[in-house]
Structures are given as C-alpha cells and as structure tokens.
Amino acid sequence: MDSAAIDRFEAGRERLASLAYRLLGSAADAEDAVQDTFLRWQAADRERIEVPEAWLTKVVTNLCLDRLRSAQARHERAVGDWLPELLLEGDPMLGPADTFEQRESVSLAVLTLMERLSPVERAAYVLREAFSYPHAEIAEILDITESASQQHVHRARRRIAAERRGGEVDPASARRVVEEFLAAATSGRTERLVALLTADATLVSDGAGLARRLLRYETRERIASFVRAGFKPTAAKRRLAGGSPAMYIASVNGSPAVIAVVDDRVVGAVAFEVSEGKVASLRGIAAADRLRRLNEAWRRHAPDAPVIHAW
C-alpha cells in the first residue's frame, strides 16, 4: 500500500475508533474493528472508491454490527457479563464532544441504555446523534431505506429518553457530591451514604475483579452496605491490589470517578452518575482487562492531588 493511502486512513483513524467505541462500548473491540477496517482498505481497489470517508465508515459500522450480532456478544450481554469500558477524560475515542448529544452518546448511562436497542437502531442512533449524518447517508451505510433510518433513530431516541435521568450535570457540582460520598464511605457513615443516594439508585460491580458475574444492587441500604464494606481497608484487599492505593477523583466518559492507583497502576475505578445532587448509579470495575485502556491513559495523565494518599 502506498504512503498516501496509509496517510488517508490514518487521518480518519480516531473518528473510526470513536464511532466503533460508541457502537460496541469496548475500546479493545473498537480497536480490533478499526484494524480490520484497515486490512479491508489495504485489500480494496481504492481507485474505485469515490468517497473514502464514506467507504471506511460503512465498513467499520458493519464490522461492529457483525460483532454485536455474534453469538458470543449476545451471550455476554444476555447474562449480564458486560459493562461499558471506562475511558479517561481526553481519550480521543470520546470525541467528537462539541454538543450535548455527542457527549451524552459516550456517557456510561447511554452506552448501557443502548444495549437495549437492536444493533441497527444503535448504529442509526450513533451515526445521527454523535456524527450528524443525514438520514440518506445512514440509509446507505446500513443498507436500509431513508424512512427506515428515520424510524430507527426515532425509536432509539424515545427509548433512551424514557429512561435517561435529567440533562447535563455541572462537573464541579458532581465532583463535590462524589467527594462527600467518598468521605462517608471511608469513614463508615452508612446513614450518610444512604442519604446521598437517589431513591432508585443502582450499583453494578465486578466484585473487585473476582466475581464470575456482575454484582447488582438496587436499594439504597444494600448499596450503602456494599460500598461501606468495599471501601473498608483490609490487609487482604491491599495484598490483592498490590499495595496501599491512593484515591483520585477524575472524569471518565464525562462522569466523575474514584480511581484507585498503586505505583502509577490503576487497580480499580468506581464511576458515578449524579442526578439532582445525589448519586444515581455506581459502576465498580477492578478486572485488569476492563481497565487496560484506562491504565494506559493514566500513565500519560497528570492528575490532581489524590483525595486519599494511602488507603
């Protein structure tokens, strides 16, 4: 392949990866889809491709749809073994982020809600909301009619809006809620934890990376009890983490998160969704494979001072 063709692909790599991440919710799978797209670009008769960007978008979208439809992916999502992969603020996969709709499409809440859409609904929604494609182009990418594209996007918007909590939250306000929640968790104030949770709060955790299936809690009292136990330091937990973690507050997917770090290595993360001054959901992740890209980004990151220097 000549250098001009490589350069043309590389110029659009980040956009393709961002699209693939929104469709799959996994940075690792998105990277694989982009690499497979590159191999097809390499093998294609490029002189016959009139609009390379459109061709590449169609290829990566359909590769992602194939992954979403695969038996393995359906099984993992059906048994509740799936969580969106966390991305640190500044990760190019989070772009574009100029509008509320673009930022919302990579929020953990919307990535999770999109699991309830069909693969085609998800693709039409992402192409329209995050990348502003007109329905005529979405129809071409997905091999459907323009009317079908409009219907898919309308249904997706309606289903997501029906379950989405409120609108955009001020980052500084959300951080203050998380700081207060962390202080209550580490000091054992269970009653304060309950008060900081919305009535319909939820928690999903991979059980420090050890659980065979994701753990789910849906009452404030159970969530507070789990959080209090999880944040209580013990020698066994420190051995599992490889040391005594420092705790930072950072932004992942547009939401505040507590990041546990040992020797510049992320060993766990809890992402928060804040609504109307309270915590509406928590997602706790400690499995190394789910933290891979976050870990890589953290090593290039210049964080604020830790809120807890040694846990």
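Me: Which residue takes a positive phi in the hairpin of β5 and β6?

Reply: Glutamate 276 does, with a positive phi near 50°, in a hairpin that has two residues between the strands. Please keep in mind that this is a predicted model, where local features need pLDDT of at least 70, side-chain atom pairs count only at pLDDT 80 or more, and totals for chains, interfaces and linings use all residues. Residues are numbered from 1 along each chain as its sequence is written, and side-chain values use heavy atoms, with hydrogens and water left out.

Me: How many bridges join β5 to β6?

Reply: Seven bridges join these two strands, which run antiparallel, and within that pairing valine 270 stands opposite glycine 284 in β6. Two strands are said to pair if DSSP finds at least two bridges between them. Strands (E, at least two residues) and helices (H or I, at least four) are DSSP runs, numbered from the N terminus.

Me: And in what sense do β4 and β5 pair?

Reply: β4 and β5 pair in the antiparallel sense over six bridges, and valine 261 has valine 266 in β5 as its bridge partner. The hairpin of β4 and β5 has two residues between the strands, and there aspartate 263 takes a positive phi near 50°.

Me: Is β5 mostly covered or mostly open?

Reply: β5 is mostly covered, since 10 of its 11 residues are buried. Buried means under 20% relative accessible area, exposed means over 50%, and partly exposed lies in between, with a 1.4 Å probe and protein chains only.

Me: Switching to rings, how many aromatic pairs are there in the whole structure?

Reply: A search of the whole structure finds five aromatic pairs. One of them is formed by phenylalanine 181 and phenylalanine 272, which sit edge-to-face at 5.5 Å centre to centre, with 75° between the planes. Because phenylalanine 181 lies in helix α11 and phenylalanine 272 in strand β5, this pair ties together parts that are 91 residues apart in sequence. For the terms, rings of Phe, Tyr and Trp (its six-membered ring) pair if their centres lie within 6.5 Å, and planes under 30 degrees apart count as stacked, over 60 as edge-to-face and the rest as tilted.

Me: Why does phenylalanine 181 count as buried?

Reply: Phenylalanine 181 counts as buried because its relative accessibility is 1%, and phenylalanine 272 counts as buried at 2%.

Me: What about tyrosine 248 and tryptophan 298, why is that pair edge-to-face?

Reply: The ring centres of tyrosine 248 and tryptophan 298 are 5.2 Å apart and their planes are at 65°, so the pair is edge-to-face. The pair links distant parts of the chain, with tyrosine 248 in strand β3 and tryptophan 298 in helix α15, 50 residues apart. Both tyrosine 248 and tryptophan 298 are buried.

Me: New topic, what volume does the largest pocket have?

Reply: The largest pocket has a volume of about 910 Å³. Of the 40 residues that line the largest pocket, the closest to its centre are Pro171, Ser251, Asn253, Gly254 and Ser255. Elements that give two or more residues to this lining include α11, β3 and β5. A pocket, on a 1 Å grid over the protein atoms alone, is an open set of points with protein on both sides within 12 Å along at least five of seven lines, whereas a cavity is a set where a 1.4 Å probe fits but cannot get out, and lining residues have an atom within 4 Å of a point. Grid points are joined across faces, edges and corners, and a volume is the space filled by probe spheres set on the points.

Me: Which strand gives the most to the lining of the second largest pocket?

Reply: That is β5, with six residues. The second largest pocket has a volume of about 790 Å³, and of its 33 lining residues, Ala208, Gly230, Val267, Gly268 and Ala286 lie nearest its centre.

Me: Last one, how many cavities of 30 Å³ or more are there?

Reply: The search finds one, and about 40 Å³ of space lies in the largest cavity. Leu113, Arg116, Leu117, Arg159, Ile160 and Glu163 line the largest cavity, and helix α10 supplies the largest share of that lining, three residues.
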